[in-house]
Amino acid sequence: MKRFFGLLISIIVLTSCSETFDVKDPTEFNEEIEKRTDIETAEQLIEIYYNYPPNEGTPKLDITSNELSDRLKEVTLIHDEQEDDSQRATKIVMVTELDEKKWIVHQIKTNRKCWDGRGHTDWGNEWCN
């Protein structure tokens with residue numbers, strides 16, 4: 001009986017904490033940046049991808065990066081406390097590579113959080129109400 005409850009709790013924890021993403025094709029963005037040699041960091045690269053409109057004020061962005069290997073980096077941008085009536089936060093995760101002075105994006109994933117009462121409040125890919 002203890003094994004059953006232990007297994008049940010494990011299943012609940014593992015399935016409730018899984019974060020879902022929308023996967024974006026990076027081809028168009030790679031074409032946009034292929035001739036640019038002015039992008040120095042993966043953090044600058046993800047801000048260019050996010051392309052927050054300058055006339056909307058200064059967003060609250062949290063950008064972190066993690067080295068996956070000598071050449072690959074995973075960079076994450078989170079825009080929290082958005083001025084939107086339903087969506088609270090946006091997350092973008094990119095796997096990037098710097099090849100000499102040019103960046104190549106291998107993967108782009110996005111998801112979101114909703115404000116309380118407007119949908120899911122954990123990271124997920126469902127749209128907010």
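Is Asn51 buried or exposed? Asn51 is exposed, at a relative accessible area of 59%. The points below concern a predicted model.

1. **Asn51, backbone.** Asn51 sits in the loop that links helix 3 (42-50) to strand 2 (61-67). Its phi is positive, about 55°, although Asn51 is not a glycine. Most residues other than glycine have a negative phi. Asn51 counts as exposed because its relative accessible area of 59% falls over the 50% cut-off.

2. **Glu81, backbone.** Glu81 also shows a positive phi, near 55°, and is a residue other than glycine. Its place is the loop between strand 3 (72-79) and strand 4 (87-99). Relative accessibility is 45%, so Glu81 counts as partly exposed. That class lies between the 20% and 50% limits.

3. **Asn111, side chain.** Asn111 belongs to strand 5, which spans residues 102-114.

4. **Acidic patch.** Which residues gather in a patch of negative charge on the surface? They are Asp25, Glu28, Glu31, Glu32 and Glu34. One of them, Glu32, lies in helix 2, residues 27-33.

5. Check the positive phi of Asn51 and that of Glu81 in the viewer.

Definitions and conventions:
Residues are numbered from 1 along each chain as its sequence is written. This is a predicted model: local features need pLDDT of at least 70, side-chain atom pairs count only at pLDDT 80 or more; totals for chains, interfaces and linings use all residues. Side-chain values use heavy atoms; hydrogens and water are left out. Patches are made of residues with over 30% relative accessible area and no salt bridge: like charges are joined within 9 Å, nonpolar side chains (Val, Leu, Ile, Met, Phe, Trp, Tyr) within 5 Å. Accessible areas come from the Shrake-Rupley method with a 1.4 Å probe; for residues, only the protein chains shown count as cover. A salt bridge is a side-chain nitrogen of Lys or Arg within 4 Å of a carboxyl oxygen of Asp or Glu. Lys and Arg count as positive and Asp and Glu as negative; His and the chain ends are not counted. The place of a charge is taken as NZ of Lys, CZ of Arg, CG of Asp or CD of Glu. Helices (H or I, at least four residues) and strands (E, at least two) are DSSP runs, numbered from the N terminus. Buried means under 20% relative accessible area, exposed over 50%, partly exposed in between (1.4 Å probe, protein chains only).
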